[in-house]
Amino acid sequence: MTTEPSAYHRRVAEQKRAVIVEAATRLFLDAGYAGTSLAKVAEAAGVSKATLFKQFPTKAALFDAIVTQSWAAEDDGDLRPPTGDLRAGLTAIGRRYVTLLTRPGMAALFRIVIAELPRFPELGEAHFAHGKMPYFDSVRRYLDTENTLGTAKLDDTELAATQFLGMISNYVLWPRMLLIDWSPDDASMAHVVDEAVLTMVARYGAANTAD
């Protein structure tokens, strides 16, 4: 006799988890991290406290889940950028980064962290450790691969990843922190990605780098 949950029960648990995370995100944004209790989250999500505590025993665990989900890649097939062609690979990364930064709720998540950081520095640490850093590392590993293949010549792939992502986020995301109505159109964001790619290729492409 197996004690493993059935596919149906796993699906129900996943659905409830998604509803809880969505409700918690709304409450954190409206009432702040300190002003949101797990009891309020359970009520807003329409689940029992026992169900919520089984999924998320602490408010910190719930916030970690929100961050991880917000930064998770969409399941649309092979998300690995093409290797052996620096321009093509960076273009794929840049376009996916725009999609990530403009995902519903992403700007709100940054606002929650920034607003609550003085009282709850652990929120910033969680956002960095569970969200931004894993994504950043994926870009750095891509650049390491291009270095190994000889299509790029970089002495510091960490710095290069910072430069590339920064050129995009400084236009796509950060103005949203101060300007609620900041919403550049798709063509403008695509242009920013293209220019960032050209800058990186000109600086780090093997054919353009002097020995």
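Against which helices do the buried residues of α9 pack?

## Packing of helix α9

In this predicted model, the buried residues of α9 pack against α5 (86-101) and α8 (157-172). The buried set consists of Met 189, Val 192, Val 193, Ala 196, Val 197, Met 200, Val 201 and Tyr 204. These residues lie on the same side of α9, because they cover an arc of only 165° around the axis. An α-helix has 3.6 residues a turn, so residues three or four places apart point the same way.

The face turned away from the buried side of α9 carries two exposed residues, Ala 187 and Ala 202.

## Length of helix α9

Helix α9 comprises 19 residues (residues 186-204) and, at 1.5 Å a residue, should span 27 Å. The C-alpha atoms at its ends are 27 Å apart, in agreement with that expectation.

Thr 36 is located in the loop that lies between α1 (7-31) and α2 (38-45). Its relative accessibility is 2%, and Thr 36 therefore counts as buried, the cut-off being under 20%.

Two backbone oxygens lie within polar reach of the Thr 36 side chain. The backbone oxygen of Gly 32 is reached at 2.8 Å, and that of Leu 27 lies 3.1 Å from a polar atom of the side chain. When residues up to four places away in sequence are not counted, Thr 36 touches Leu 27, Phe 28, Ala 31, Val 41 and Lys 59.

Conventions
Residues numbered from 1 in each chain as written. Predicted model: local features only at pLDDT ≥ 70, side-chain atom pairs only at ≥ 80, totals over all residues. Heavy atoms only, no water. Helix = DSSP H or I, 4+ residues; strand = E, 2+ residues; numbered from the N terminus. Buried < 20%, exposed > 50% of the residue type's maximum accessible area, 1.4 Å probe, protein only. Polar contact = N/O pair within 3.5 Å; in protein donor to acceptor, adjacent residues only side chain to side chain. Contact = heavy atoms within 4.5 Å. Expected span 1.5 Å × (residues − 1). Arc of directions from axis to C-beta.
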